[in-house]
Amino acid sequence: MEKMKAMTNIQKTEAFLREQFANCTFFKENPADGEYRLQHSYRAAHAAREIARKEGLDEEGLIIGGLLHDIGYSLPFETEDGWMEHGRMSARLARPFLEQLDLGPERVQEICYGIAIHVDGKADFPGEATAFALSIGDADDVDRFDTYRIYDAMEYADFRNLKIEDKRKWLTKKLDWISQRIGEKSGTETARQMIAERLLYQRQYYEKVLEQLRHSEAIDL
């Protein structure tokens with residue numbers, strides 16, 4: 001009988017991620033949120049792989065970092081703005097698991113540091129903001145600024161049921177935010193280009209919607 005192949009580090013990480021989310025009380029009560037967070041984690045991991053391949057970075061490590069960067073969402077937040085801590089929470093939760101993989105202490109440390117800083121640039125332990133560490137947050141941004149987030153943001157704002165003047169305000173605020181984000185530095189040139197491309201698409205989409213609203217109330221004479 002052929003021996004079963006051992007699970008890879010990435011497969012073990014996938015199993016750990018799915019187990020944590022499956023056991024999360026909040027996600028059990030709010031399955032759509034759990035599905036979104038899992039799908040987002042996979043998309044971030046795919047973006048991390050693309051960055052790693054184009055920049056010659058540690059591909060396995062970045063995929064693992066992308067998968068685990070939001071695993072802290074499986075834990076309860078202590079305050080209303082506790083989500084701001086989820087990077088550091090994710091790093092604390094991920095570290096004991098990562099130490100069981102065939103990675104080595106230096107890679108574990110760098111993955112954890114990248115996870116910890118991906119929200120606000122801060123960690124609760126020493127580390128260096130290397131291109132690798134920054135790329136975990138960049139991979140997160142690639143997905144956050146991609147096409148799916150347009151739908152997600154508009155649904156969250158209940159855009160369909162807003163009055164037309166409120167729709168204009170919402171779109172204008174979004175466009176102002178995009179203008180501020182385009183051109184921001186990233187850990188690598190690859191990530192900068194990927195993020196800028198997605199933000200430009202979002203800007204084009206929102207501008208088109210705003211233009212439609214200008215033609216939604218009267219005929220210009």
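This is a tutorial dialogue on reading a predicted model of one protein.

User: Which conventions apply to the residue numbers and to the features of this predicted model?

Analyst: Residues are numbered from 1 along each chain as its sequence is written, and side-chain values use heavy atoms, with hydrogens and water left out. Because the model is predicted, local features need pLDDT of at least 70 and side-chain atom pairs count only at pLDDT 80 or more, while totals for chains, interfaces and linings use all residues.

User: How many helices and strands are there in the protein?

Analyst: Helices (H or I, at least four residues) and strands (E, at least two) are DSSP runs, numbered from the N terminus. Here there are 10 helices and zero strands, and the C-alpha trace spans about 75 × 45 × 40 Å along its principal axes.

User: What share of the residues in the protein is buried, and what share of the contacts with a separation of 6 or more joins residues 24 or more positions apart?

Analyst: Buried means under 20% relative accessible area, exposed over 50%, and partly exposed in between (1.4 Å probe, protein chains only); a contact means heavy atoms within 4.5 Å. Of the 221 residues in the protein, 42% are buried, and residues 24 or more positions apart account for 64% of the contacts with a separation of 6 or more.

User: Is helix 4 mostly covered or mostly uncovered, and against which helices do its buried residues pack?

Analyst: Helix 4 (residues 59-68) is mostly covered, with eight of its 10 residues buried; they are G61, L62, I63, I64, G65, G66, L67 and L68. These buried residues pack against helix 1 (9-22), helix 3 (31-55), helix 5 (86-98), helix 6 (105-117) and helix 7.

User: Where is D140 found, and which residues does D140 touch?

Analyst: D140 is found in helix 7 (residues 131-144) and counts as buried, at 5% relative accessibility. Not counting residues up to four places away in sequence, D140 touches H40, A44, H69 and H118.

User: How many aromatic pairs does a search of the whole structure find?

Analyst: Rings of Phe, Tyr and Trp (its six-membered ring) pair if their centres lie within 6.5 Å, and planes under 30 degrees apart count as stacked, over 60 as edge-to-face and the rest as tilted. The search finds 11 aromatic pairs, among them the tilted pair of F26 and F27, at 5.9 Å centre to centre with 55° between the planes. In that pair F26 is partly exposed, with a relative accessible area of 45%, whereas F27 is buried, with 7%. Another pair, Y73 and F77, is edge-to-face, at 5.5 Å centre to centre with 65° between the planes; Y73 counts as buried at 16% relative accessibility, and F77 is partly exposed at 30%.

User: Which ring does the charged end of R95 sit over?

Analyst: A charge sits over a ring if NZ of Lys or CZ of Arg is within 6 Å of the ring centre and within 35 degrees of the ring normal. The charged end of R95 sits over the ring of F125, 4.9 Å from its centre, and R43 lies over the face of Y148, at 4.8 Å from the ring centre.

User: Where is the place of D158, and what is its phi?

Analyst: D158 is in the loop between helix 8 (147-156) and helix 9 (164-181), and its phi is near 55°, a positive value in a residue other than glycine. D158 is partly exposed, with a relative accessible area of 40%.
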